[in-house]
Amino acid sequence: MAPIPQMQAIHFSKPGSPSVLTLTTTHLPSLESPYDILVKIHSCALNPVDTKIRQGAFPSHPILGFDASGTVIASSPQALYKPGDEVMYAGALGRSGSNAQYGVVDSRIVGRKPKGWTWEDAAGLPLVGLTAWEMLEGHFGLRPFEGTKKEETLLIINGAGGVGSAATQLARKVFNIKNVVVTASRKETIEWAKKNGATHVINHHEELAPQLEKLGLVPTLAFICYDTTTYLEPLCKVMSPWGKIGSIVEVTQPLNFHIMDAFSKSLSFHWEFMLSKPAHQFDLESQGRMLNDLAKAAEEGLVGSLVWRKEVLSVENLRKYHEIVGEGKGMGKVVFEVRDTIE
């Protein structure tokens, strides 16, 4: 009998600090559904959700990691990609993650790797790109790739993080929004937000209303990428009537704010959790389509790299950046090259 193929991966056995991340050798994940593909992972990326899962916020497979770019080496009968195809994806809760040499994923939530992009830059795109795209198109009802400038003002709370960075680029270049106001407070995060295309930058540590009034702008759309509890009430006060507010940040306590500000303006509120579609097997094809649209935007120069740091995947490096990202001290995306040996 031939030996079962094995791989190296970084996993955790119980919730805790970054020190719970350890190296393991395990068997390759197997194809389970008619749409699955097995991917040799060349690069993976870190997201805040990884740090939350590591601390026990969500149930998950012990091998963490969602973003990946790599080459298909095996496919199920109905898979949308075949061996040799170069792909990128953001994965699903409950399945073996991308902090490993190989991964299995449903091909319906996979997109092609942008031509001309490195494996590392491609790995930094899927989860944050999908999150931003789902908010802008799915929740806010905006159409991509239209030439006409949209007379909207989008306010992004925390524009220097991964999702905020992706949302800034997409809003400006793909969804063609006229005003994209981003919050940032440090010199390096302000410069990062401007680099990504923000038309205006304000400070989220100061009152929003006076800063927006000085700019002469009233948000029609708001995208919360940090601390829903703190920013929902002040946003309701500054939003345009019939405005839309979306958040990617979960809450653990009931939201307590003066609801009449939202009611009197007929505001709507939208939660966005990119992993919800795979978790509930809902409209999976839409994520594959969005990833391929992201690849198109990347190839046309409408979207640039979101990568802040490039490292080699190792226990030491992963622990280090779990600490940094978990404390909210990073910018953009941290990506890792996955080599033939993980240390």
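Below is a chat about the salt bridges and pockets of a predicted model.

User: Hi! What does UniProt say about residues 16-336?

Analyst: Hello! This is a predicted model, and the unreviewed UniProt entry annotates residues 16-336 as "domain: Enoyl reductase (ER)". Over that stretch the chain is 33% helix and 24% strand, with 22 Å between the end C-alpha atoms.

User: Thanks. How many salt bridges turn up in the whole structure?

Analyst: The search finds 21. One of them pairs the side chains of aspartate 67 and lysine 333, at 2.7 Å from N to O. That pair links distant parts of the chain, 266 residues apart: aspartate 67 sits in the loop between helix H1 (48-54) and strand S4 (68-75), and lysine 333 is in strand S15 (residues 333-337).

User: Are aspartate 67 and lysine 333 buried or exposed?

Analyst: Both aspartate 67 and lysine 333 are buried.

User: And which residue does glutamate 86 meet in a salt bridge?

Analyst: Lysine 113, with 4.0 Å from N to O. Glutamate 86 belongs to strand S5 (residues 86-89) and lysine 113 to the loop between strand S7 (110-112) and helix H2 (119-123), so this bridge ties together parts 27 residues apart in sequence.

User: Why does lysine 113 count as buried?

Analyst: Because its relative accessibility is 11%, and buried means under 20%. Glutamate 86, at 41%, is partly exposed.

User: Where do aspartate 293 and arginine 289 lie?

Analyst: Both are in helix H10 (residues 284-299), four residues apart, or about one turn of the helix. Aspartate 293 is buried at 18% relative accessible area, while arginine 289 is partly exposed at 33%.

User: Switching to pockets. What is the volume of the largest pocket?

Analyst: About 1,200 Å³. Its lining has 49 residues, and Pro48, Lys52, Asn158, Cys225 and Tyr226 lie nearest the centre.

User: Which element gives the most to that lining?

Analyst: H1, with four residues. Domain 1 (6-127 + 283-337) and domain 2 (129-271) each contribute at least three residues to the lining of the largest pocket. By class, the lining has 22 nonpolar, 19 polar and eight charged residues.

User: Nice! And what volume does the second largest pocket have?

Analyst: That one is about 190 Å³. It is lined by 14 residues, and His27, Pro29, Ser30, His61 and Ser96 are the closest to its centre. S2 gives the most to this lining, with three residues. The classes here are five nonpolar, seven polar and two charged.

Methods:
Residues are numbered from 1 along each chain as its sequence is written. This is a predicted model: local features need pLDDT of at least 70, side-chain atom pairs count only at pLDDT 80 or more; totals for chains, interfaces and linings use all residues. Side-chain values use heavy atoms; hydrogens and water are left out. UniProt positions are given in the numbering used here, feature names are shortened, and annotations may be inferred rather than shown by experiment. Helices (H or I, at least four residues) and strands (E, at least two) are DSSP runs, numbered from the N terminus. Buried means under 20% relative accessible area, exposed over 50%, partly exposed in between (1.4 Å probe, protein chains only). On a 1 Å grid over the protein atoms alone, a cavity is a set of points where a 1.4 Å probe fits but cannot get out, and a pocket is an open set with protein on both sides within 12 Å along at least five of seven lines; lining residues have an atom within 4 Å of a point. Grid points are joined across faces, edges and corners, and a volume is the space filled by probe spheres set on the points. Ala, Val, Leu, Ile, Met, Phe, Trp, Tyr, Cys and Pro count as nonpolar, Asp, Glu, Lys and Arg as charged, and the others, Gly among them, as polar. Domain bounds come from an automatic or database domain assignment.
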